Amino acid sequence: MRISVILGHPDPGSFNHAIAEAAVDALEKNGHLVSYHDLYREGFDPILPGPEIPRGGAVDLAVQSHCDEIAGAEGIVIVHPNWWGQPPAILKGWVDRVMRPGVAYEFLEGDGGEGVPVGLLKARSALIFNTSNTPERREREAFGDPLEDLWKRCVFGLCGVSDVRRRTFSVVVTSTPEERRSWLVEVGDIVGSLYPPDVEGGAFGRPAPGQDPRSRGSEDIASVRIRVVLGDITEMEVDAIVNAANPTLLGGGGVDGAIHKAAGPRLLEECRTLGGCPPGEARITGGYDLPAKMVIHTVGPVWHGGRQGEDEILAKAYRSCISLADERGAKTIAFPAISTGAYGFPVERAARIAVGEIRDFMEKNGAIEKVMLVCFSERAKGCYLKALDQRR
Ligand code: AR6
């Protein structure tokens with residue numbers, strides 16, 4: 001399943017972060033495709049500008065990318081502290097801007113707004129984790145626990161998500177380390193029971209049990225200049241690795257999260273200066289703590305079924321990366337399977353496009369010595385090998 005995890009807490013050392021990370025771990029362990037957004041770290045802008053309000057209004061790239069993700073998510077996990085009976089402003093702003101008409105709900109035709117809107121979200125279930133410094137009973141009796149209604153009825157109920165579960169951990173400020181540890185175990189259990197292992201577990205995301213994602217079972221394929229490798233791209237000793245980013249270029253989950261984690265915080269600092277990147281284009285930064293000298297950040301298409309130019313955007317992303325790498329003098333490049341994770345592009349089709357574009361470029365340009373197609377699962381590797389075989 002594709003599951004979005006949205007966190008609103010400013011302190012990277014907060015218990016909210018620990019909750020979100022425990023949720024992500026449990027989801028990934030069960031084979032789900034997780035898209036994790038730490039809204040403060042991304043610098044999400046919560047202010048809804050007037051022109052964005054109407055349906056079809058001017059939506060900026062970062063918000064559009066959130067909209068695409070949440071519309072396609074099959075499960076949603078929200079993590080935030082209880083502040084004045086409300087979410088932090090950054091998360092309220094995320095709701096204002098992302099849960100848009102046409103994305104999360106809509107009014108039926110001919111309805112001037114007086115009727116009941118129809119929910120549009122694909123997700124059938126959502127999980128809310130809150131932290132609080134008010135004991136549960138007092139929250140309910142003195143304040144009416146406004147977050148219960150807010151998430152279950154006002155937001156998710158209206159957007160068509162029927163199964164909404166919520167767990168508040170309190171009182172955090174006086175809790176012991178043991179208590180917090182047991183709460184994190186509980187987070188894993190709750191997440192695991194709502195989102196058990198995917199039937200296709202191991203096909204995407206993490207490798208299936210028993211497989212070692214780090215084993216470098218590299219194989220020479222067709223021309224010696226293109227190789228299919230099973231492994232972790234952050235470990236590749238090449239001139240440039242490609243990152244499957246989102247239009248903000250400010251980090252995310254999947255390979256993007258792994259690259260930022262391995263490269264260290266200076267990568268994010270440089271990314272902040274780039275001003276984002278539209279789908280199909282590419283931007284370059286240093287590699288910092290990575291073995292690779294450079295990182296080429298690109299944004300693949302979000303899969304909508306194949307009729308919205310997804311193939312061409314993916315092809316363009318590969319072309320943009322390889323020509324930018326070439327321009328900067330890279331001789332060896334490693335690519336992940338762009339768009340085949342959180343963005344949902346079918347891996348077999350993506351592999352054909354990747355191989356086609358890379359081979360076309362290499363046939364015309366001799367400067368690039370080696371391209372590694374780095375797969376994170378046996379299934380992806382099989383698709384790449386097949387694609388290389390077909391084009392030989
Ligand atoms: N090394 C190699 N491949 C990996 C690694 C790794 N360390 N980790 C994951 N993959 P995804 P997308 C594979 O979701 O579909 C991010 O949140 C993974 O198995 O990383 O382009 C961004 O910020 C899959 O086959 O990228 C965007 O919001 C492939 O990398 C969004 O996800 C791509 O999966 C982009 O989605």
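View 1. The buried residues of α8 (254–263) are G254, V255, D256, I259, H260 and A263. "Buried" here means that 20 or more other C-beta atoms lie within 10 Å of a residue's own; exposed means 12 or fewer, partly exposed is in between, and the C-beta atoms are placed from the backbone. Helices (H or I, at least four residues) and strands (E, at least two) are DSSP runs, numbered from the N terminus. The cover over the buried residues of α8 includes β10, α9 (265–272) and β12 (294–299).

A quick word on what you're looking at. This is a predicted model, where local features need pLDDT of at least 70, side-chain atom pairs count only at pLDDT 80 or more, and totals for chains, interfaces and linings use all residues. Residues are numbered from 1 along each chain as its sequence is written.

View 2. The chain averages a pLDDT of 89, and 91% of the residues score at least 70. Which stretch stays under 50? That's residues 200–224, for which the model has 47 contacts beyond four places in sequence. Two residues are in contact if their C-beta atoms, placed from the backbone, lie within 7 Å.

**View 3. Around the ligand.** The ligand is surrounded by 28 residues, and the closest are A244, N246, G252, G254 and G341. The largest share comes from α8, with 4 residues. By type, the shell divides into 14 nonpolar, 12 polar and 2 charged residues. For that tally, Ala, Val, Leu, Ile, Met, Phe, Trp, Tyr, Cys and Pro count as nonpolar, Asp, Glu, Lys and Arg as charged, and the others, Gly among them, as polar.

**View 4. Strand β12 and its two partners.** β10 and β12 pair in the parallel sense over 6 bridges, and I241 has V295 as its bridge partner. β11 (residues 282–286) pairs with β12 too, but in the antiparallel sense, over 5 bridges; here R283 stands opposite H297. Two strands pair if DSSP finds at least two bridges between them.

View 5. V371 is in strand β14 (residues 370–375). Is V371 buried or exposed? It counts as buried, because it has 24 C-beta neighbours inside 10 Å. Leaving out residues up to four places away in sequence, V371 touches R225, I226, I333, F335, I358 and M362. V371 and V228 are 143 residues apart along the chain, yet their C-alpha atoms are separated by 8.6 Å.

View 6. The chain is divided into domain 1 (2–196) and domain 2 (213–391), with bounds that come from an automatic or database domain assignment. Their C-alpha centres lie 30 Å apart. The contact takes 15 residues from domain 1 and 14 residues from domain 2. On the domain 1 side, β2 (33–38), α2 (39–42) and α3 (61–72) each give two or more residues, and α3 gives the most, with 6.

**View 7. Strand β2 beside β1.** In β2, 6 of the 6 residues are buried. L33, S35 and H37 point one way, and V34, Y36 and D38 the other. β1 (residues 2–7) pairs with β2 in the parallel sense over 6 bridges, with R2 opposite L33.

View 8. Most residues other than glycine have a negative phi, and most peptide bonds are trans. The bond from S170 to V171 is cis, with omega near -5°; V171 is in the loop between β7 (163–170) and α7 (177–194). D145 has a positive phi of about 45° and is found in the loop between α5 (136–143) and α6 (146–155). For S339, phi is near 70°, and this residue is in the loop between β13 (332–335) and α11 (347–364). S339 counts as buried because it has 27 C-beta neighbours inside 10 Å.

Methods
pLDDT = per-residue confidence, 0-100. Near = placed C-beta within 6 Å.
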